[in-house]
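Here is a protein model with a ligand. Where does the ligand sit, and what lines the spaces inside?

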Amino acid sequence: MTVPAAVSTLERLRSLCPTVSVGTLTADLMHLGDELALLEEAGVGMVHVDVMDGCFCPALTVGPPYIKGLRTPLLKDVHLMVHEPLDRLGDYVAAGADIITVQVESAVHIHRVLQHLGSMEHVSGPGRGLVRGLALNPGTALEWLTGPLLDEIDLIVLLAVDPGWSGQALSPAIYSRVAKVKELIASSGREILVSVDGGVTRDNIAGLAASGADIVVTGSAVFDGKAAPANARLMLSPMQGAGAE
Ligand code: DX5
Ligand code: ZN
């Protein structure tokens, strides 16, 4: 897929929504390239990379070389669950990230982190732009989203599990949190996308689609060791149905 330079990353992301972003934590790394190509054929447009540093959250996963090594036309949706990410942002941008999401809880000066991200260029050069996301843990107050941080973001990611592992149960509070965040965005007059991440299954994705989430991150429900492309189609269907309403 060749992307015209005139299309910004944010426009490209918006054109995909409502959609899913597929997390690779449970993927078979021996077959990841082939699986991503099949997911693209199935209509998936984004790959979600969970970066955990063993400090902000207990698990330790991958870093910039893994992201660079994903040679795929899918949008690279990089979720940084790392302590004080400011000085590391450049490495993730250089690795080819299209979307970079930072955790509101991860930095003392999160506003500075987001502003710094806003000053950076996509690895392909000026013009395309990076999408800036801000993630909130399930226990974090939504009041963070009533002030100046809204001026610095394109995407809000609501975690439905505490960060750390794939395959946890979705917090039932997520539905009301999505509704409240959508109200906050509407009253701000801004156009900000909303994503839900963690604990999504084929049994609850229709409810999340109905809640108005623009993006749903799905990891173990797609990479379950069986048929990832068929799973992805099952997860995409309710999202695309919600967009057609
Ligand atoms: C939370 C991560 C999620 C999660 C997704 O720790 O940010 O992306 O692992 O995996 P599933 O969909 O299996 O919960
Ligand atoms: Zn994630």
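The questions below go from the ligand to the pocket and then to the cavity.

Reader: What should I know about the model before I start?
Author: Residues are numbered from 1 along each chain as its sequence is written, and chains are lettered from A and ligands numbered from 1 in the order in which they are written. Side-chain values use heavy atoms, without hydrogens and water, and the model is predicted: local features need pLDDT of at least 70, side-chain atom pairs need 80 or more, and totals for chains, interfaces and linings use all residues.

Reader: Which residues come nearest to ligand 1?
Author: A residue is near if one of its heavy atoms lies within 4 Å. Around ligand 1 there are 19 residues. The nearest are Asp50, Ser166, Asp197, Gly199 and Ser220.

Reader: How far from an oxygen atom of ligand 1 is an N or O atom in the side chain of Ser220?
Author: Polar contacts here are pairs of N or O atoms within 3.5 Å. For His48, a side-chain N or O atom is 3.4 Å from a ligand 1 oxygen. For Asp50, a polar side-chain atom lies 2.8 Å from a ligand 1 oxygen. For Ser220, the value is 2.6 Å.

Reader: How much of the area that ligand 1 exposes taken alone does the protein bury?
Author: Accessible areas come from the Shrake-Rupley method with a 1.4 Å probe. Taken alone, ligand 1 exposes 380 Å². The protein buries 99% of that.

Reader: Which strand gives the largest share of the shell around ligand 1?
Author: Strands are DSSP runs of at least two residues, numbered from the N terminus. E2 (46-52), E3 (75-81) and E8 (215-218) each supply at least two shell residues. The largest share is three residues, and it comes from E2.

Reader: What is the volume of the largest pocket?
Author: A pocket is an open set of points on a 1 Å grid over the protein atoms alone, with protein on both sides within 12 Å along at least five of seven lines. Ligand 1 sits in the largest pocket, where sitting requires more than half of its atoms within 2 Å of the grid points. The volume, the space filled by probe spheres set on the points, is about 280 Å³.

Reader: Which residues line the largest cavity?
Author: In a cavity a 1.4 Å probe fits but cannot get out, and lining residues have an atom within 4 Å of a point. The largest cavity holds about 40 Å³ of space. Its lining is His48, Asp77, His79, Thr101, Leu155, Val157, Ser195 and Val217.

Note on methods. A polar contact is a pair of N or O atoms within 3.5 Å; within protein, one must be able to donate a hydrogen and the other to accept it, and residues adjacent in sequence count only if both atoms are side-chain atoms. Helices (H or I, at least four residues) and strands (E, at least two) are DSSP runs, numbered from the N terminus.
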